[in-house]
Amino acid sequence: MNTTTQVSKDNVLHKFSAESNQDADTLARYLKRYPQYREALIDLSIEISTAPKFDELAVEKLPGDNSRQAWSKFQSLLSPTDPASTTPHPMDNPLSNLSDERFRELARELNVNRLFLSRLRDCSIQVATIPQQFLSVVAQALKVSVEGLTSALDSPPVVASGLRHKASGKPGAGDKITFEEALTSSALSETQQAALREMKDE
Amino acid sequence: MVLPLKKTTQDAEPYQRRAEIEQVLSSLDGLAPDQLVERLTCTHQAVPFEVLIYFLRHTELELGSKHLEPIFRTFYGRLEAALRKSVSDTWIDYAATIREELAERIVEMIAKDRDSDEEKMYYWEVNFNHALSNLCTDVLRKHGPARETDPLINARPLTEESDSGEEVSHEVDIAAAEFINPNPSKIDEVAFRLRLMHAINELPVDERRAVGLWLQGMPIESQDPEAETIAQALECRERTVSNRLKRAFEKLRIVMQAEELQ
């Protein structure tokens with residue numbers, strides 16, 4: 001059985017196009033090995049060899065900058081769930097959907113207590129004050145992107161059912177506490193607090 | 001880990017990128033996003049287009065707008081520069097419109113690709129030059145050449161195919177010299193190559209293949225029976241190859257000269 005006939009034309013052509021050195025010797029080698037695709041290989045080799053080397057000219061900076069405008073257009077074409085979308089789809093809060101068991105487990109993994117983690121889950125902490133490193137650790141543990149998590153935690157604070165606010169009006173962004181306040185008021189041990197402070201951004 | 005191409009062979013093996021592209025991607029793998037952006041936007045040691053395409057089209061890499069924007073803008077700036085040189089105003093009417101259309105199409109393709117599993121743009125990571133050339137050809141076909149009449153139509157063959165005993169290689173050399181002269185280094189210029197590619201694509205298929213192989217450095221004839229020659233590749237006689245080449249060079253010379261004058 002001739003094994004070369006089993007290789008599809010697409011595979012052979014792709015293999016040729018992925019060769020680092022597409023000179024006449026490479027083409028000759030392919031023509032000998034895959035004579036059944038002779039014409040297609042010749043045509044492809046001609047197209048590739050006559051294609052301009054765009055990289056060589058691309059470093060030249062052009063006067064004027066259309067790239068900002070192009071970026072806006074590009075971003076507007078992205079799906080709302082795309083991590084680079086202009087209007088990021090508010091990700092479902094990944095901390096809200098955890099089972100009780102997984103919630104406790106996550107608190108242990110992060111070396112925090114459940115009160116602190118609840119505050120994080122309920123968007124009670126100002127996201128801008130949360131260290132990036134801590135957000136990264138949480139995102140990694142939840143297998144979500146940091147940006148998605150940040151966006152989810154930036155939502156208005158959640159008021160647990162059954163709780164009543166003494167103040168009138170709905171809770172807003174102003175009701176959120178800082179990360180530091182959350183550290184000191186969540187009954188965390190000194191060691192836990194110190195470990196979390198270590199993560200603070202410079 | 002560098003994301004493999006999703007397109008696979010019949011044996012379910014992922015298609016490969018060129019070795020040098022894989023190498024650059026591996027060297028960037030594991031960099032923090034800020035470092036990655038710094039490297040990809042560095043103009044001093046610019047990465048190949050294929051590498052930028054890789055980071056632009058895979059949402060799995062989880063790059064948010066903060067990091068994707070500088071990568072995109074670097075890509076777009078370089079793309080515009082390359083198109084400005086290759087689709088030049090002196091060559092084609094409405095060159096600016098054509099460049100705009102090309103850039104717009106590419107931006108739309110990347111955006112669509114980010115939201116799709118179809119892997120339509122995989123080849124742009126393998127051979128960007130070829131992929132962009134093909135797109136240029138499509139767009140140029142749509143808009144047509146600058147000239148109202150195609151000089152190829154009026155070109156007269158120097159000789160008809162014959163078996164006369166002329167010194168074939170010598171004749172081809174003369175025809176080639178007339179075509180490439182007076183500036184042989186032009187063959188390496190991007191704008192010249194794109195015009196040449198366009199002109200070669202317009203040739204009849206037998207002439208296109210002969211000249212395409214000749215430009216790649218394949219000999220018309222060889223004393224070495226093992227060496228691949230154009231005559232062998234095209235399954236015809238050397239004399240036929242020479243006649244096709246002469247005709248092709250004459251046509252290309254007319255086309256390229258006509259465009260130089262515009």
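Chain B is built from 13 helices and 0 strands, where helices (H or I, at least four residues) and strands (E, at least two) are DSSP runs numbered from the N terminus. Read from one end to the other, its pattern is simply α-α-α-α-α-α-α-α-α-α-α-α-α. This is a predicted model, in which local features need pLDDT of at least 70, side-chain atom pairs count only at pLDDT 80 or more, and totals for chains, interfaces and linings use all residues. Residues are numbered from 1 along each chain as its sequence is written, chains are lettered from A and ligands numbered from 1 in the order in which they are written, and side-chain values use heavy atoms, with hydrogens and water left out.

As for confidence, the model scores ipTM 0.78 and pTM 0.66. The mean pLDDT of chain B (the predictor's confidence in each residue, from 0 to 100) is 81, and 79% of the chain's residues reach 70 or more. Within chain B, helix 3 (residues 49-57) comes out highest, at a mean of 96, and helix 8 (residues 151-154) lowest, at 38. Over residues 146-166 of chain B the pLDDT is below 50, yet this stretch has 38 contacts in the model beyond near neighbours in sequence; a contact means heavy atoms within 4.5 Å.

Of the 262 residues in chain B, 53% are buried; buried means under 20% relative accessible area, exposed over 50%, and partly exposed in between (1.4 Å probe, protein chains only). Among chain B contacts between residues at least 6 apart in sequence, 67% join residues at least 24 apart. The chain exposes about 12,300 Å², with carbon and sulfur atoms supplying 48% of that; such areas come from the Shrake-Rupley method with a 1.4 Å probe, and for residues only the protein chains shown count as cover.

Then there are the pockets. On a 1 Å grid over the protein atoms alone, a pocket is an open set of points where a 1.4 Å probe fits, with protein on both sides within 12 Å along at least five of seven lines, and lining residues have an atom within 4 Å of a point. The largest pocket has a volume of about 1,000 Å³. Of its 31 lining residues, B:Leu31, B:Pro33, B:Leu61, B:Glu62 and B:Leu63 are the closest to the centre. Helix 8 (132-142) of chain A and helix 4 (65-86) of chain B are among the elements that each supply at least two lining residues, and helix 8 of chain A gives the largest share, 5 residues. By class, this lining has 16 nonpolar, 9 polar and 6 charged residues.

About 590 Å³ of space lies in the second largest pocket. Among the 26 residues lining the second largest pocket, those closest to its centre are A:Gln22, A:Ile48, A:Lys53, B:Asn129 and B:Arg193.

A:Arg102 sits in helix 6 (residues 100-110) of chain A and counts as partly exposed because its relative accessibility is 22%. Leaving out residues up to four places away in sequence, A:Arg102 touches A:Glu109 and A:Ala141. A:Asn111, in the loop between helix 6 and helix 7 (114-121) of chain A, has a positive phi near 60° without being a glycine. A:Lys143 also has a positive phi, of about 60°, although it is not a glycine, and is found in the loop between helix 8 and helix 9 of chain A. With a relative accessible area of 76%, A:Lys143 is exposed, while A:Asn111, at 38%, is partly exposed.

Definitions and conventions
Grid points are joined across faces, edges and corners, and a volume is the space filled by probe spheres set on the points. Ala, Val, Leu, Ile, Met, Phe, Trp, Tyr, Cys and Pro count as nonpolar, Asp, Glu, Lys and Arg as charged, and the others, Gly among them, as polar.
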